[in-house]
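Here's a quick briefing on how the pieces of this fold sit against each other. Have a look at the model first, then we'll go through a helix pair and a sheet.

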Amino acid sequence: MSQLREKRKYQRCTCCVMDTSDSKIVFDEKGVCDYCNDYYKNILPGWKAKLEDKELLARTAEEIKNNTAGQKYNCIIGMSGGVDSSYLCYVAKELMGLNPLVYVVDTGWNLKVADENIKRIVEALELDMVTDTVDWEEMRDLQLAFLRSQLPYQDLPQDHAIFASLYNYAVSHGIKYVLTGANSATECIRPPIEWVYQNDLTLIKDVHRRFGTGKLKNFPTCGMIKYRLYYPIFKGMKRVAPLDMVEYDKEKVKAFLTERFGWQPYSNKHYEDIFTRWYEGCYLPEKFGYDKRKCYLSNEVLVGTVDREAAIKELETVAYDKETMRADTAFIADKLGVSLEEFEEILRGENKTYADYKNSWWVIQLGTIILRALGAEKKKFR
Ligand SMILES: [Zn+2]
């Protein structure tokens, strides 16, 4: 089923576990890939400096408090109930002394365990919470349109809704600080663009125009120009990533959250809900030959929480057994309102990339080049 466009001689990085299933990966003379070289050259020094600055978290908290004096909330946090955002709520309230508004977006796929985690943390920390429930008919229509588009990026409809809803709410309610759970400890390797594309509204609209049925009236949207230029420059929006200012060992943090709040981990460490499990564990590897575990594990190898040999062994195991995969496929087809036969017919279509649709890739690239030059963006995009 795999339809890799370019065939090149197989090679795996001698430092992490990324390999030529990323068709644009580049190796140096020692066989070390460009993700690793980028990590050591561009990401690690800045991250280390933040961690060594023991006053940085307190200084940041002071700055946020001073700039939001007299306001009910100092900041907003997009909460999924996963480990990053759950810990972020704790860091904001207890370590930084802020009063964050917790913002939850229900895309229709949220797991019960995630909802329970959210409730436990919000109640224990005595935080206010707002929930936005995305119009399910529009969500369903957009997700089916994406499947029909034959693009790899089936996470885009959900991700865009969550991102756009949060930022639009923050700006329209005058909340200037958005605290994000982004962190170098678990996210220093960003999957290549051919596997995981950007939040490109031009592409989303084009896919929906071609394959959707209704109109997107209520679906939250936020284009890159609005997000990267209009909101920060004209509305004063600021993104702050506190998890890079504290020691962030995911396993220790999970144990802490469980002990302190009765927080529960998801059954599979890499997947947040059934759709994500199916998309990352079945759709991407079976249809495109992309295994996102390579990015997660390479990340862990680089930060030293998993050794390379163990990571290679894990990659040799199947992410996900065939029976669960079949059950998930049937569940998703049913939830999206199509028969299993029709759903499987869609999955057999010819693979496409963002270049097959209208997109704003050049604008995003230009923005990234500028942000990298300003030192505001460290990760490599390609
Ligand atoms: Zn590498």
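A quick definition first: a helix axis here is a line fitted to C-alpha atoms over the stretch in contact, and angles run from 0 to 180 degrees between N-to-C directions. Keep in mind that this is a predicted model. Two packed helices are described by the angle between their axes and the distance between the axes.

**The helix pair**

- Helix H5 covers residues 136–149 and helix H6 covers residues 156–172; their axes come within 9 Å and cross at roughly 140 degrees.
- Roughly antiparallel would take an angle over 145 degrees, so H5 counts as oblique to H6.
- On the H5 side, the contact uses Met139, Leu142, Gln143 and Phe146, and these meet Leu156, Pro157 and Ala161 of H6.
- Sorted by class, that H5–H6 contact has six nonpolar residues, one polar and no charged ones.

**The sheet**

- Five strands make up an open sheet with parallel pairing, and the order across is S3-S2-S1-S4-S5.
- The edges belong to strand S3 (128–133) and strand S5 (238–240); each has a single partner strand, so one side of each has no neighbour in the sheet.
- On average, neighbouring strands are turned by 30 degrees against each other, direction ignored.

**Strand S1 and its surroundings**

- Strand S1 (residues 75–78) runs parallel to strand S2 (residues 100–106), and four bridges join the two.

Definitions and conventions. Residues numbered from 1 in each chain as written. Predicted model: local features only at pLDDT ≥ 70, side-chain atom pairs only at ≥ 80, totals over all residues. Parallel < 35°, antiparallel > 145°, perpendicular 65-115°, else oblique. Contact = placed C-beta atoms within 7 Å. Nonpolar A, V, L, I, M, F, W, Y, C, P; charged D, E, K, R; others polar. Pairing = 2+ DSSP bridges.
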